Amino acid sequence: MDAILIQEGALTRQQKEYIFLVCSGANLSTYCVTAHCEIVRMLGIQGPEPEQVAVNHASTALPESDKALLDFALKLNNHPAQVARQDMEALRAQGFGDPQILEAVLVVGLAKFANFVAFGLGTAPDFDPSKVVLSQRSFLGQEANLLAREDRPTDSAPGSGTGEDADAEVVARVKAGDLNAFEELVRRHSRRIYRTLVGILGEREEAKDAVQDAFLKAFQHLGEFQGRAKFSTWLVRIASNTGIERLRERKRLESLEEISLEPEAGFRPAQTQAWNDDPERVYSRAEVRKLMEKELMQLPAPYRTVVVLRDIEQLSTEDAAAALGLGIPALKSRLLRGRLMLREALSPYFARSAKRRTA
Amino acid sequence: MIGCDQFLAELGNYVDGQVEAEIRRRLEVHLAQCRTCQVIYDSTRKTVTILTESGSFDLEEPAAESIVAGIMEKIRAADSGAG
């Protein structure tokens, strides 16, 4: 259960939960549908109503690629003997690789298992759903995913698709065995990857270390990069995953409780004092940067990460969402929340009535 | 008429210039008469400007060089080791 469904793998937790829901719906397992609708909500997964996914995923606003994944899951669930090579090809055409297809198959199998056990034992949904997930809720929710997800198409995003990748030619040279060309890629992108990792990890020294990890991983997996996304987006995605893995590792050593209880809703701006028109009239540019860096480091990681990718790295909404394995609505809501938290923290410095203070 | 809650819900898109004309018009009607939302909008916009323009978390040149060197050293070592 843990390895197949709970852990982030080649598929996101969200994709796995949806597969689980679609199968449980088709198998008419009220227990499993009820439980997993609650789990989807508790995880804060943004998207269509989980009941709608369970009953008729085709009618939801999910991306076509996810719908294709769920079509496949449903076919395997309903007509396992009819699944053929063309079904795999259809998934590959949507950008899914073998690791993702394998996970989808496993989740279908797990759903069947769970559905049948629930029927066999005659269980009815009589539990307090919050207890089910509290112990399993991972602190970054659904955002981590693995390297192999490069090829999730981002064609819907104007300007982020193929055809204008400034790195394509250098990438091709590396693939042909030219190591010096890889050095060129490292030089082009190391600053951006560093900023991404500082943003995620909140610590400069560890970020430097993680930059090396990220580039080494990129080098090892370059063969899997097929140019369906831009190289820089793919790289930022690898860096995000590297950072998130480290963060998870760190949290495993600390307490998980604290983080998962962080309130998701109900954030209201409290500081309502007008700011100076030009913050740099009171503080030097270097001071402004220092203040901002200090306060940004204090944000909880999920918000800090999104703010760094969108506002400092200036990735498009679509690219940032793809890099983090988040849906667009989830990304936007975290971004707004992060910006508002930062605004709150900076207000005491920049409000017109504020006295000059040092960082 | 929209209220402060709805204004806040659209604030991110509004700051990024990603709202449709009709919604923008409604947001601006609200903004014209709500002092609190004016302040929140203005300071959020400034927060984003600081974020985008401050050049934060830049990597100083020597550190960048040593990172490049470290990466290439490992890759070349792995490459010659493998074959």
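A:Arg187 is partly exposed, with a relative accessible area of 39% (buried means under 20% relative accessible area, exposed over 50%, partly exposed in between, with a 1.4 Å probe and protein chains only). A:Arg187 forms a salt bridge with B:Glu65, and their closest N and O atoms are 2.6 Å apart (a salt bridge is a side-chain nitrogen of Lys or Arg within 4 Å of a carboxyl oxygen of Asp or Glu). This is a predicted model, in which local features need pLDDT of at least 70, side-chain atom pairs count only at pLDDT 80 or more, and totals for chains, interfaces and linings use all residues. Residues are numbered from 1 along each chain as its sequence is written, chains are lettered from A and ligands numbered from 1 in the order in which they are written, and side-chain values use heavy atoms, with hydrogens and water left out.

**Chain A overall**

- Chain A has 17 helices and zero strands (helices are DSSP runs of H or I with at least four residues, strands are runs of E with at least two, and numbering starts at the N terminus).
- Chain A has 359 residues, and 53% of them count as buried.
- Take the contacts in chain A between residues at least 6 apart in sequence: 73% of them join residues at least 24 apart (contact means heavy atoms within 4.5 Å).

**The interface of chains A and B**

- On the chain B side, 44 residues are in contact with 49 residues of chain A.
- The area buried between the two chains is about 4100 Å², and carbon and sulfur atoms give 65% of it (buried area is the accessible area, with a 1.4 Å probe, that two parts lose on being put together, summed over both).
- In chain B, B:Ile50, B:Leu51 and B:Phe57 lose the most area to chain A. Together they make up 19% of what that side buries.
- The rule finds nine salt bridges across this interface.
- Helices α1, α3 and α4 (61-82) of chain B each supply at least two residues of the side that touches chain A.
- That side of chain B has 18 nonpolar, 13 polar and 13 charged residues (Ala, Val, Leu, Ile, Met, Phe, Trp, Tyr, Cys and Pro count as nonpolar, Asp, Glu, Lys and Arg as charged, and the others, Gly among them, as polar).

**Salt bridges**

- Side chains of opposite charge can pair when their charged atoms come close.
- Over all chains, the count comes to 40 salt bridges.
- B:Glu65 lies in helix α4 of chain B and A:Arg187 in helix α10 (residues 179-201) of chain A, so this pair joins two chains. B:Glu65 is partly exposed, at 33% relative accessibility.
- A:Lys208 forms a salt bridge with B:Glu60, with the closest N and O atoms 4.0 Å apart.
- A:Asp311 forms a salt bridge with A:Arg339, with the closest N and O atoms 2.8 Å apart. The pair links distant parts of the chain: A:Asp311 is in α15, A:Arg339 is in α17, and they are 28 residues apart. Both A:Asp311 and A:Arg339 are buried.
- B:Lys46 and B:Asp42 meet through their side chains in a salt bridge (2.8 Å, N to O). They are four residues apart in helix α3 of chain B, so about one helical turn separates them. Both B:Lys46 and B:Asp42 are buried.
- Salt bridges that share partners join A:Arg191, A:Arg192, A:Arg195, A:Glu313, B:Asp58 and B:Glu61 into one network.

**Helix α1 of chain B**

- Helix α1 (residues 4-15) of chain B has twelve residues and should span 16 Å at 1.5 Å a residue (the expected span is 1.5 Å times one less than the number of residues). Its end C-alpha atoms are 15 Å apart, which agrees.
- The buried residues of this helix include B:Phe7, B:Leu8 and B:Leu11.
- The buried residues of α1(B) pack against α17 (328-350) of chain A, together with α2 (21-33) and α3 (35-53) of chain B.
- B:Gly17 follows α1(B) and has a positive phi, near 65°.

**Two loop residues in chain A**

- A:Gln314 lies in the loop between α15 (301-312) and α16 (317-324). A:Gln314 has a positive phi of about 60°, although it is not a glycine. At 48% relative accessibility, A:Gln314 counts as partly exposed.
- A:Pro279 is in the loop between α13 (256-260) and α14 (285-298). A:Pro279 is buried, with a relative accessible area of 9%.
- Not counting residues up to four places away in sequence, A:Pro279 touches A:Val288, A:Phe350 and B:Ile50.
- A:Pro279 and A:Arg352 are 73 residues apart along the chain, and their C-alpha atoms are separated by 9.3 Å.
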